[in-house]
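Reader: I have a protein model open and would like to go through some of its side chains with you, one question at a time. Could we begin with the terms?

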Amino acid sequence: MNDRAGRRRARRLAIGTAVVLALAGMNGPWLYRFGTAKYHQYQINKPEYKAANGKWEIVQFPKEYRQNTIHAALLRTGKVLLVAGSGNNQDNFDAKRFDTRIWDPVKGTIKKVPTPSDLFCTGHTQLANGNLLIAGGTKRYEKLKGDVTKAGGLMIVHNENPDKPITLPAGTTFTGKEGGKTFVSKDPVVVERATKVFDKKTGKFLRNDPGLGRIYVEAQKSGRKYETGTQDNYRIQGLTGADARNTYGIAQKLALDKKDFQGIRDAFEFDPVAEKYIKVDPMKEARWYPTLTTLSDGRILSVSGLDDIGQLVPGKNEVFDPKTRKWTYTPKIRQFPTYPALFLMQNGKIFYSGSNAGYGPDNVGRDPGIWDVASNRFTKIPGLSDAKEMETSGTVLLPPAQDEKFMVIGGGGVGESAQSSNRTRIVDLKADSPRFVDGPALEKGTRYPQASILPDDSVLVSGGSEDYRGRGNSNILQARLYHPDTNTFESVADPLVGRNYHSGSLLLPDGRVMFFGSDSLYGDAANTKPGVFEQRIEIYTPPYLYRDSRPSLSGGPQTIARGASGTFTSPQASVIKKVRLIRPSASTHVTDVDQRSVEMKFTVSGDKVKVTMPGNKNLVQSGWYMLFVDDDQGTPSKAQWVRVP
């Protein structure tokens with residue numbers, strides 16, 4: 001532990017001892033509780049406590065501006081985009097009440113923004129032009145088993161005609177050849193033409209591999225008697241001649257089982273200056289719970305999600321070209337669970353940490369590794385502890401980004417498991433043979449931990465719960481600063497609000513950290529009362545902002561190319577020890593693949609600070625960044641916004 005951390009711990013222990021002594025003389029349990037609360041408030045507001053531990057404060061919006069915030073992103077204007085969509089509320093969905101807010105943390109203003117689709121459980125990432133790309137969302141809410149009245153499920157439509165695709169409209173009926181039961185499609189489906197297969201050596205024609213289409217079907221009437229028990233082949237009514245011979249359906253059991261959420265193909269750019277959504281070309285696949293990650297060439301990779309029939313997208317990934325605003329499929333298929341944590345590496349490949357947020361088989365796409373998207377080669381990384389408890393874990397690229405070390409934090413078992421992990425795992429991707437090793441442990445098993453990189457190179461780790469969606473009143477009201485240089489955690493002030501599912505955090509330009517959301521399944525320890533969505537925003541002010549002064553930064557260019565330099569003015573230039581370039585966050589479901597803190601080389605002359613941008617386009621992707629300088633006490637300036645073309 002470094003000296004500064006040791007001094008802080010000593011101050012905390014002294015304060016704790018004072019609390020015990022002060023309360024020892026109090027009489028009665030009510031007076032004890034009253035005295036404890038009052039004394040606690042007194043202590044945490046003392047200047048020396050805040051200087052050692054920081055401080056949490058709650059921001060409560062006026063009632064008409066509150067919403068169930070699911071997604072948040074810091075915009076290049078310094079404002080925060082807060083997206084709810086329907087906010088995990090079936091009534092909002094049915095009424096098409098889709099919400100977005102823009103909050104200015106400096107002025108304290110908030111305004112509503114028209115929201116064109118249900119962007120609940122969408123994916124998002126920062127674009128080079130400063131816009132936010134948003135893709136996917138909700139087409140249908142889940143139906144629990146007891147709420148499903150009509151048997152239904154997935155129908156795979158086969159087309160054995162190599163000469164043409166076939167389109168089946170919504171309302172197409174499928175009748176089982178064996179069972180004789182009839183089901184109706186809910187949406188149209190295009191079934192691609194069959195593929196001719198030839199012998200590679202002789203060139204001789206071997207067969208036609210049928211084109212496949214996926215569609216959700218359900219029985220025409222309610223009741224269990226319309227369920228099927230086994231796989232069946234289905235004739236498609238309305239087809240004649242060759243189409244009838246070449247096109248047919250195959251379905252497994254069609255039953256009254258739970259029906260999962262369904263995704264949409266809609267995609268938008270959010271313009272932070274105009275403060276509005278701009279519709280772009282829809283994705284090829286509908287996606288609910290997708291991850292968007294920037295590739296080496298500046299295009300955006302969209303991965304995983306539940307499709308428009310509630311099935312995990314079968315590894316059909318796609319990329320968005322910001323120049324054409326169009327989507328194309330990647331040439332090869334690779335499947336991941338939903339909201340996979342995917343990060344661009346300095347060599348242009350993609351690192352998958354194993355973190356994810358929900359849906360998918362427990363034996364498909366869960367191993368961490370390095371993915372070459374072009375060749376589809378995937379190299380697994382060994383050594384991951386609690387490998388079966390990676391769902392709802394968080395992953396962060398430790399500062400500085402040049403070191404290419406990642407930390408995986410907490411996590412839990414697949415699905416609604418009560419299992420949770422207190423592990424942190426660290427991997428150095430620059431090592432000759434990368435391998436996970438355990439970092440410092442958390443005090444409790446933690447699902448949904450939030451991690452935000454701070455400009456002094458520490459990482460704030462806070463929140464989460466010990467159980468799925470905070471069951472059993474298991475939210476964790478603890479916060480820690482992780483110090484990469486010493487590989488240690490330092491306890492700081494406890495948050496005031498519990499945060500679990502549907503929560504997130506992001507660094508603000510003034511060096512504070514904003515927390516949003518939380519969607520507890522139950523509201524009591526006995527799991528008898530329904531939970532209430534947490535609509536309050538909470539701000540953490542780190543200890544470094546309670547020092548006597550902080551450096552300032554002004555002037556300088558707004559644009560700095562990779563490999564180029566820019567000169568800024570700071571009266572405290574002589575004590576500047578670090579310059580950091582931090583990409584703004586886009587956070588949801590324990591997934592924030594945008595945030596990274598890049599070390600900037602610099603020189604000082606008088607009151608001038610000359611900074612040099614690294615040249616690697618994969619390390620510093622095109623876009624807008626926050627530029628911070630830190631003094632010799634580790635106190636950061638407010639950020640200057642800089643664009644990397």
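Author: A salt bridge is a side-chain nitrogen of Lys or Arg within 4 Å of a carboxyl oxygen of Asp or Glu. This is a predicted model, in which local features need pLDDT of at least 70 and side-chain atom pairs count only at pLDDT 80 or more, while totals for chains, interfaces and linings use all residues. Residues are numbered from 1 along each chain as its sequence is written, and side-chain values use heavy atoms, with hydrogens and water left out.

Reader: Which residue meets Arg 287 in a salt bridge?

Author: The N to O distance in this salt bridge is 2.9 Å. Arg 287 lies in the loop between S21 and strand S22 (291–294), and its partner is in strand S24 (residues 318–321), so the pair ties together parts that are 31 residues apart in sequence; strands (E, at least two residues) are DSSP runs, numbered from the N terminus. Both residues of the pair are buried, a word that means under 20% relative accessible area, whereas exposed means over 50% and partly exposed lies in between (1.4 Å probe, protein chains only). The partner of Arg 287 is Glu 318.

Reader: How many residues apart in sequence are the parts that Glu 275 and Lys 111 tie together?

Author: Glu 275 forms a salt bridge with Lys 111, and their closest N and O atoms are 2.7 Å apart. Glu 275 sits in the loop between strand S20 (267–271) and strand S21 (276–280), while Lys 111 belongs to strand S5 (residues 110–112), so the parts they tie together are separated in sequence by 164 residues.

Reader: Is Thr 635 buried or exposed?

Author: Thr 635 is found in the loop between strand S47 (623–631) and strand S48 (640–644). Residues that it touches, not counting those up to four places away in sequence, include Tyr 544, Pro 551 and Val 629, where contact means heavy atoms within 4.5 Å. Because its relative accessible area is 1%, Thr 635 counts as buried.

Reader: Which residues is Glu 64 in contact with, leaving aside its neighbours within four places in sequence?

Author: Glu 64 has its place in the loop between strand S1 (55–59) and strand S2 (71–74). With 47% relative accessibility, Glu 64 counts as partly exposed. Apart from those sequence neighbours, the residues in contact with Glu 64 are Arg 101 and Lys 112.

Terms used. Helices (H or I, at least four residues) and strands (E, at least two) are DSSP runs, numbered from the N terminus.
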